[in-house]
Every structure is written in structure tokens, then in C-alpha cells.
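Open the model in your viewer and keep the selection panel at hand. The tour starts at the ligand and then moves to a pair of helices.

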Amino acid sequence: MGIGFGLAAVIFLGIAGYDVFPLIFLAAAGAVLYFIARSRGLLARSFAGGNPGIRHEVTFNDIGGQATAINELKEALEFIRNHSDIQKLGIRPLKGILLTGPPGTGKTLLAKAAAGYTDAAFVAASGSEFIEMYAGVGAQRVRKLFQTARETSQRMGKNNSIIFIDEIEILGGKRGQTTSHLEYDQTLNELLVQMDGLKVDDRVRVLLIAATNRVDMLDPALLRPGRFDRQVKVELPDREGRLEILKIHTRNKPLADDVNLEAIARETFGFSGAHLESMANEAAIMAMREKLHQIHHRHFHEAIDKVMMGERLDRRPSPAELRRVAIHETGHAFVSEYLRRGSVSALTITPRGQALGYMRQTPEDDTYLYTRDYLENQIAVMLAGAVAEEMMLGGRSTGAGNDYLQATKTADQIINSGMSELGIIDPETLPRSFRYRTQKKILQAQEERVRDYLEIKKKELTRVVDLLLEQEKISGQQLRKILGQQIQCA
Ligand code: ATP
């Protein structure tokens with residue numbers, strides 16, 4: 001309305017013969033200053049993630065694979081929902097809930113759903129927004145954030161307000177540890193002051209929900225009773241969890257009959273909710289590119305590769321390089337199948353991300369504890385690419401660098417967990433020469449084992465390499481057919 005009136009006044013003055021250019025100039029300068037201030041977070045609106053107090057539609061039903069975290073969070077939120085009982089019993093209010101866990105597991109979603117569950121206004125900010133070079137700016141922003149939370153809920157006629165701060169470790173790291181620590185310390189102090197100021201009889205009850213994947217970096221003062229009283233762990237989803245998330249993110253997508261979400265959940269060990277969402281989206285984009293009206297299983301397969309390895313590249317290696325890559329990947333695949341039947345999901349020589357080709361394994365089950373046998377088998381699969389190259393081409397290439405790195409790390413795991421010939425050791429004080437010798441022994445034993453097996457399978461190896469060069473991609477089933485193992489595998 002203001003802009004309308006202003007414009008009308010300028011036009012009127014212009015028609016009446018006044019010089020309106022200074023006015024136009026002043027208005028333009030004002031607008032520029034306003035946008036600079038907004039973008040630097042000096043105005044309250046910027047703290048609210050762009051949408052101060054707008055009711056978010058996210059509910060706990062939109063969050064998959066986090067049943068424990070949701071239950072713990074709901075339990076904590078009862079403090080706000082049953083506010084009158086809490087007051088009668090003289091219980092002090094819950095001021096903060098800390099969500100901890102890896103990126104993309106749904107911490108922001110949980111905070112949004114908490115706002116809906118408690119009928120609260122939702123105001124969001126990220127830890128990095130509070131850190132400036134100038135002393136006092138961060139503290140001022142913290143005050144503004146709490147003020148915005150109160151004003152927003154009042155404006156919306158609500159009694160509760162949830163402030164969500166992502167990456168709290170940036171703002172709440174241990175005091176006195178950064179070079180410009182005065183500014184950091186002042187900002188954190190202000191946050192503590194604001195939290196301490198929250199009272200049970202406040203007209204607007206403010207709850208702070210913060211998220212971090214580095215809880216070890218937080219200042220102990222933040223974790224003291226009366227500040228972040230509750231910690232809720234948000235873990236990477238297990239297989240059931242991944243299936244739930246996949247169902248959520250394919251709810252609005254037309255799936256063909258051949259899509260097997262359970263198989264996809266099995267193949268995506270280690271994926272976060274964000275990875276799964278991105279994968280489902282990529283699959284839909286691939287179907288659209290093919291001008292199809294439904295998404296097929298192969299689209300999901302390809303999307304897994306894309307999320308894992310990056311975008312498919314147009315770069316084309318030379319025929320000699322391609323042959324080497326095919327031999328390398330087939331080596332990995334043969335040993336993987338030998339050690340665990342049905343474990344290869346696909347192998348390809350299409351360059352993607354940093355890799356010129358890759359072999360994808362299907363994890364049998366989510367595994368959290370590893371035996372020595374298991375780790376040695378992993379090393380054998382990692383070394384098989386280089387051994388196959390050496391056997392078929394008479395020498396190795398730089399393509400195996402990353403495999404060696406992984407294999408050495410795995411050998412270290414064996415040593416550090418007391419499963420090597422050194423017995424139980426203190427990783428901190430173990431002399432480097434001991435570690436090196438033991439690593440070498442573990443790696444050499446697996447190299448020999450792999451060589452013995454691949455020598456026997458040389459003929460089949462050549463057949464698979466030729467097929468791979470022809471088709472560019474081979475499924476696990478095709479591979480098993482050639483290896484003479486008729487194993488049913490997803
Ligand atoms: P970060 O620590 O990087 O801020 P986060 O844990 O806050 O990540 P979100 O921002 O909540 O993760 O998740 C990003 C996106 O990933 C969500 O918008 C959603 O699409 C998807 N997602 C993540 N976790 C889940 C889940 N458990 N269920 C359903 N979708 C999820």
C-alpha cells in the first residue's frame with residue numbers, strides 16, 4: 001500500500017510540475033539499503049528462514065525410520081502440551097532440545113514437525129548466521145531471534161514458539177578456542193542468557209531446538225541442566241527405516257509394477273534420508289527424460305549410482321583404458337561373488353564422478369560389527385582390481401590408488417581392534433614400523449589369495465570383460481550366469 005501511495009504521490013507531483021528526480025533517487029537508495037540490511041541478517045525477518053512463523057505442514061508422519069527419535073522428542077514436547085500440569089507441579093520449563101546426528105537424517109524435519117505438534121510458531125536460523133567479525137553483532141542477533149520468536153507467535157495468536165538453530169556448534173563451540181574468541185564468546189553468552197531468561201509463566205513459551213553433528217564441540221555450559229536438557233539422537237536409517245523413507249518419497253510418484261522398494265532399501269546401506277529423497281527424485285527425472293509416464297526399477301538403480309558416485313560423465317577413456325577398467329572392475333566382482341555369493345549388484349565401465357568404472361555390492365544385511373574374516377574378505381575384494389590388471393595386462397595402474405587406501409584403512413581396523421597377530425595394542429603408542437609390517441602381512445596374504453582364485457577363473461574373466469566392453473554394464477545375474485552360479489538375487 002505504501003509503495004502504491006508513494007508512486008501516486010510522485011506521479012501527481014510530476015504532473016503538477018515539481019522536480020521529482022531527487023525523490024526517486026532517495027527512494028532507490030532506501031530500497032538498496034533495505035535489501036543490503038536484509039541480506040546481512042540485520043532485520044528480524046532474516047532469522048526466520050525466510051518464512052517467519054508460517055505454519056509448516058510437516059508432521060511426524062512425513063519422517064521415516066526415526067521412530068525412536070520421534071518418540072523421545074514427543075515425550076519431551078509433552079512439557080509444552082501439558083503446560084498447566086507442569087505449572088501446577090512447579091516443574092521448571094524445558095528450555096532446549098538438542099538433536100544430534102549425521103547430516104540429512106531429518107533433524108530439521110523433526111523440528112518443523114515439533115512446531116506443528118505443539119501448535120507453535122516456527123522460527124529457524126543457522127549457527128553461521130550469528131558469526132561476524134565485529135564484536136557484539138552475534139549477540140545482538142541472538143536477542144533479535146528470541147524477540148522475533150515471541151512477536152511471531154503473538155502475531156499468529158499462538159502461545160508457543162519454537163526456535164530452531166541448525167549447526168549450533170558454530171555458535172555454541174567451546175569458549176576461548178577461536179582466534180576471534182571475544183565475538184564467539186559474547187554470542188554464546190547471550191544465548192545462555194536468553195535461555196536462562198525463559199520462564200514457565202511467560203506469555204509466549206519459547207523452546208529452543210538445536211541440531212548438530214558435532215556434539216563434542218559444544219561448550220559444556222550449553223549441556224548443563226536447565227539449558228539443553230534433552231538430547232535426541234537422530235541416526236542414519238536402517239533397512240526398515242530406509243524402506244519407510246522410500247515409501248514417503250515415492251508417495252507422489254507413479255511407480256511401474258517392476259519397482260521393488262525393498263530391494264532398493266537393501267542396496268542403499270549408509271544412505272541418509274536426504275540421499276534417499278534425492279535418489280527418488282533422480283529416478284523420476286530419468287523416467288521423464290525417457291518420456292515415460294512411470295518410473296521403473298532400472299531408473300532407481302541408475303539413480304543410486306548417481307547419488308553414490310556423482311553425475312555420469314561424457315568423458316570417454318581410450319579403448320586400451322576401457323579394457324583396463326573392465327578388467328579391474330571384473331576382478332573386484334569375481335572375488336566379491338566368490339566370497340559372498342549373490343553379492344554383486346552390477347558392474348559398469350561408465351565414467352561417473354571421480355570413477356572410470358565401478359562394481360556395486362548388495363549388502364546382505366546392515367552390519368555394525370565386523371569379524372576379522374569379514375574385514376579380510378573386504379580387503380580381498382579391494383585388492384582384486386589391481387591383481388586382475390597385473391594378471392591380464394602384466395602391470396598395475398594408478399586406478400587402484402583408492403583401493404589401496406581403503407585396504408590399508410581396513411587392515412588398520414584389524415590391528416586397532418586387537419585382531420591382528422600383535423594382539424591387543426594401544427593404537428596411540430604402537431610404533432610405526434610394527435604397524436607397517438603387520439599391515440603389509442595382512443595385505444600380502446589377501447593378495448595371494450585373490451591371485452590364486454583369479455588364475456583359476458582366467459577364462460571366465462576374459463568372457464565377462466568382453467561382454468562388459470560390449471554392453472558397458474552387466475547385472476549381478478548375468479555375471480553369476482557366466483560364473484555358473486544360478487543364484488536368485490534382487
Ligand atoms: P543437516 O544436518 O545437513 O541440516 P538434517 O538432518 O537437518 O540435515 P533435513 O534437512 O531434515 O536433514 O533433511 C533434508 C531432506 O532430506 C528433507 O527435506 C527430506 O526430504 C529428506 N529426509 C531426511 N531425513 C528424512 C527422513 N527421516 N524421512 C523422510 N525424509 C527425510
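Predicted model: local features only at pLDDT ≥ 70, side-chain atom pairs only at ≥ 80, totals over all residues.

A polar side-chain atom of His249 sits 2.8 Å from a nitrogen atom of the ligand.

Next, pick Gly104. One of its backbone N or O atoms is 2.8 Å from a ligand oxygen atom. Move on to Thr105. Here a polar backbone atom lies 3.1 Å from an oxygen atom of the ligand.

How much of the ligand does the protein bury? Taken alone, the ligand exposes 630 Å², and 78% of that is buried by the protein.

Now show the whole shell. It holds 17 residues around the ligand, and those that come nearest are Gly64, Gly104, Thr108, Asp166 and His249. Color the shell by residue class: five are nonpolar, eight polar and four charged. Then switch to cartoon. The elements giving two or more residues to this shell are α5 (107-117), α10 (239-250) and α12 (273-289).

Select residues 432-456, helix α17, together with residues 458-471, helix α18. Their axes come within 4 Å and cross at roughly 75 degrees. Angles of 65 to 115 degrees count as roughly perpendicular, so α17 and α18 are roughly perpendicular to each other.

Which residues make the contact? From α17, show Leu454, Glu455 and Ile456.

Conventions. Residues numbered from 1 in each chain as written. Heavy atoms only, no water. Axes fitted to C-alpha atoms, helices over the stretch in contact; angles between N-to-C directions. Parallel < 35°, antiparallel > 145°, perpendicular 65-115°, else oblique. Contact = heavy atoms within 4.5 Å. Near = heavy atom within 4 Å. Polar contact = N/O pair within 3.5 Å; in protein donor to acceptor, adjacent residues only side chain to side chain. Areas by Shrake-Rupley, 256 points an atom, 1.4 Å probe, with all protein chains shown as cover. Nonpolar A, V, L, I, M, F, W, Y, C, P; charged D, E, K, R; others polar.
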